[in-house]
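Have a look at the sequence and structure shown here, and keep them open while you read. The notes after them are meant as a friendly guide.

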Amino acid sequence: MIFPTVGVNTLTDYKGHSLLPERDAEQRPVLEIQGLGIDFGGLTAVNDFTITLGPTEISGLIGPNGAGKTTVFNLLTKVYQPTRGTFYLDGKDTAGMNTVQVNQAGIARTFQNIRLFDKMTVEENVKIGLHRDIHYSLGGALFHTPFYRKAEKRAHERALELLDIFDMADFAYAQAGSLPYGAQRRLEILRALATDPKVLLLDEPAAGMNPSETSDLMEAITKIRDTFKICILLIEHDMNLVMGICEGIAVLNFGQIIAKGTPQEIQSNPQVIEAYLGRKKEA
Amino acid sequence: MNTLMKMTKSNMNQYKRSALWSYGITIAGFVIVSIMVSAGLISNSLQGQLVPICAYISLAVSLNLVVGISGELSLGHAGFMAIGAFSGVIAATLFQSLPFLWVKLVIAILVGGLFAGVAGVIIGVPVLRLRGDYLAIVTLAFGEIIRNVLNVIYVGLDEKGLQVSTSMDGIHLSEQGSMILNGPMGATGVTKLSTFFAGFLLVMFTLFVVLNLINSKHGRAIMAMRDNRIAAESVGLSATNFKMTAFVTGAILAGMAGALFALNYSTVAPVKFNFNTSIFILVFVVLGGIGNITGSIISAAVLTILPEALRQFSDYRMLTYAIVLIIVMLATNNPQLKALTAAASKQFKAKFSRTRVYKRPQKADEEMGGTK
């Protein structure tokens with residue numbers, strides 16, 4: 001085997017497979033992924049993906065291009081149904097759920113290639129995330145009853161609160177597609193947050209951002225974790241961000257986890273260095 | 001950034017503003033036409049078109065809900081119109097002993113909407129599992145099925161009640177009885193109940209329902225599904241429910257318009273509700289702008305009047321109609337003309353409002369737009 005799964009046993013893991021930080025060690029993990037894998041035809045895109053995430057943990061999923069990071073996200077949101085393995089969300093088996101049900105169970109995500117509702121306003125994008133939190137019937141919608149007014153007013157206030165996280169309340173009525181690229185990424189995070197998730201999956205949140213925007217984003221992600229008390233798993237190529245805010249990191253290469261651990265452990269792991277930089281010639 | 005902020009604040013009530021336009025145009029149109037009618041400025045043939053115009057406006061707006069807002073190309077709208085028309089006629093005949101004309105008309109329109117809505121549910125369940133072209137073809141097929149079924153339905157009424165059969169022989173009426181539906185001959189001897197005012201009210205009701213729906217959580221979900229299905233599912237919205245809401249609402253409104261339409265004539269045959277009529281309604285929607293409710297109102301009104309107005313061309317009437325359509329389509333899609341109108345509206349805005357149009361700095365564009 002070229003890449004033995006050393007991560008599982010040789011790095012300091014909690015309960016075998018965990019990336020749990022000390023803070024979460026005593027609590028039940030929010031996401032337990034067990035041997036998740038998918039084949040596309042004869043190609044194994046992800047194999048034996050096993051990690052455990054704590055309820056208020058920020059962790060990172062890194063790896064070279066094509067390693068299967070986004071595929072893992074697609075498996076966790078059931079865009080693809082896994083060929084092998086399953087994962088438990090808050091102790092509940094997600095086998096057989098579809099994308100909608102997984103989101104309702106508490107997993108929200110952003111996309112690597114931004115998928116906003118471009119023609120709608122910023123506020124509406126957030127309100128769509130709030131959909132299940134707005135309570136009125138179709139009759140209320142058709143005849144704009146007092147229930148409708150009250151619920152819409154609350155949704156409006158809630159949307160502005162969420163937009164305040166990224167100081168975007170001023171752009172509430174701008175068309176989402178007209179926003180600068182970085183703002184679109186932030187809006188996508190807010191839309192995902194609006195669904196009140198337990199686990200937030202961020203697919204390259206800092207892509208296309210400049211260094212100062214990235215450092216703002218790092219602060220914001222930590223703030224989101226602290227305010228909403230949720231677990232955040234992010235894919236990112238920006239090592240400053242990953243090493244700066246992640247408490248646990250899993251490294252993926254050719255669909256296999258090759259290392260798991262704290263940022264310090266990952267930085268000095270020879271297999272990770274090899275995956276990123278190539279093997280050193282034996283002298 | 002400051003300029004963007006200003007612009008966006010002014011866009012705050014974009015739905016309310018477009019809703020006001022729609023209501024305003026309808027009310028203004030009604031008032032102007034009413035005055036012209038009482039002043040005798042409108043020819044008889046055009047007066048006969050007033051109720052159909054209202055019906056077609058309702059149909060165009062309801063089809064716009066399905067095609068523009070929900071994003072599903074439906075080619076069977078005339079089918080729902082037909083169901084509404086014939087169930088409305090039957091209801092009007094059943095309740096003909098009721099005192100006021102408008103009570104009968106309201107009952108007929110409600111019954112028409114109800115039956116069309118039921119048909120919408122039955123057809124929507126299989127059809128909304130399909131996407132794109134397949135959905136269009138299947139709705140076309142259902143529209144034709146409805147018309148062909150109506151072709152073989154015979155309904156008679158006597159003091160014992162309604163009799164329904166698939167052939168003339170199946171119906172045995174007493175002497176006081178009369179036929180309501182005569183298969184391919186359709187409904188004959190219908191009492192004319194529809195008035196221009198009733199048509200106006202139906203248009204207002206249709207607008208009220210459609211515009212309110214758009215500006216609600218259900219409407220947002222419907223549009224989210226249209227714009228980006230994957231993203232919509234990722235935030236927990238399931239597709240079929242919301243598409244169904246739009247489809248059935250569209251069907252109900254089409255049924256109501258159908259009832260209004262049928263009760264304007266003494267004879268209505270199923271052949272009136274064929275594929276051509278579906279396309280006719282779709283043309284209103286496309287020409288008025290897909291998703292643009294105000295546009296649907298204007299184009300439905302203009303395109304219904306146009307064949308009448310072109311009467312002086314006699315034999316070349318429909319040819320002229322087609323040519324006008326083509327010219328309008330070409331003109332509205334002409335990039336130079338678009339640029340010209342855009343520039344004009346920009347000038348207008350710059351002159352008459354304090355808000356300025358936000359222009360993103362070029363530098364920021366290069367910096368951020370790279371990977372998209």
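The briefing covers a cavity, a pocket, strand pairing in both chains and a pair of aromatic rings.

This is a predicted model, in which local features need pLDDT of at least 70 and side-chain atom pairs count only at pLDDT 80 or more, while totals for chains, interfaces and linings use all residues. Residues are numbered from 1 along each chain as its sequence is written, chains are lettered from A and ligands numbered from 1 in the order in which they are written, and side-chain values use heavy atoms, with hydrogens and water left out. Helices (H or I, at least four residues) and strands (E, at least two) are DSSP runs, numbered from the N terminus.

**The cavity in chain B**

- The structure holds 1 cavity of 30 Å³ or more; on a 1 Å grid over the protein atoms alone, a cavity is a set of points where a 1.4 Å probe fits but cannot get out, and lining residues have an atom within 4 Å of a point.
- The largest cavity has about 40 Å³ of space, a volume being the space filled by probe spheres set on grid points that are joined across faces, edges and corners.
- Its lining includes Ser74(B), Phe80(B), Ile123(B), Thr139(B) and Phe247(B).
- Helix H5 (77–94) and helix H7 (132–151) of chain B are the elements that give two or more residues to this lining, and H7(B) gives the most, with 4 residues.
- The lining divides into 5 nonpolar, 5 polar and no charged residues; Ala, Val, Leu, Ile, Met, Phe, Trp, Tyr, Cys and Pro count as nonpolar, Asp, Glu, Lys and Arg as charged, and the others, Gly among them, as polar.

**The second largest pocket**

- Of its 22 lining residues, Ile83(B), Ser87(B), Phe115(B), Leu150(B) and Ile153(B) lie nearest its centre.
- H5(B) supplies the largest share of the lining, 7 residues.
- This lining is made up of 21 nonpolar, 1 polar and no charged residues.

**The sheet in chain B**

- Three strands form an open, antiparallel sheet in the order E2-E1-E3 (chain B); two strands pair if DSSP finds at least two bridges between them.
- Strand E2 (161–165) and strand E3 (178–182) of chain B are at the edges with a single partner strand each, so one side of each has no neighbour in the sheet.
- From one strand to the next, the twist averages 20°; axes are lines fitted to C-alpha atoms, for helices over the stretch in contact, and angles run from 0 to 180 degrees between N-to-C directions.
- H5(B) packs on the sheet, touching E1, E2 and E3 of chain B, and its direction makes about 170° with that of E3(B); contact means heavy atoms within 4.5 Å.

**Strands in chain A**

- Strand E1 (residues 31–40) and strand E2 (residues 43–53) of chain A run antiparallel, joined by 7 bridges.
- Asp39(A) stands opposite Thr44(A) in E2(A).
- The hairpin of E1(A) and E2(A) has 2 residues between the strands, and Gly41(A) takes a positive phi near 65° there.

**Aromatic pairs**

- Over all chains there are 16 aromatic pairs; rings of Phe, Tyr and Trp (its six-membered ring) pair if their centres lie within 6.5 Å, and planes under 30 degrees apart count as stacked, over 60 as edge-to-face and the rest as tilted.
- Phe30(B) and Phe197(B) form a tilted pair, 5.7 Å centre to centre with 45° between the planes.
- That pair links distant parts of the chain, 167 residues apart: Phe30(B) is in helix H2 (residues 14–38) and Phe197(B) in helix H8 (residues 196–214) of chain B.

Definitions and conventions
1 Å grid on protein atoms, 1.4 Å probe; cavity = no way out; pocket = protein on both sides within 12 Å on 5 of 7 lines; lining within 4 Å.
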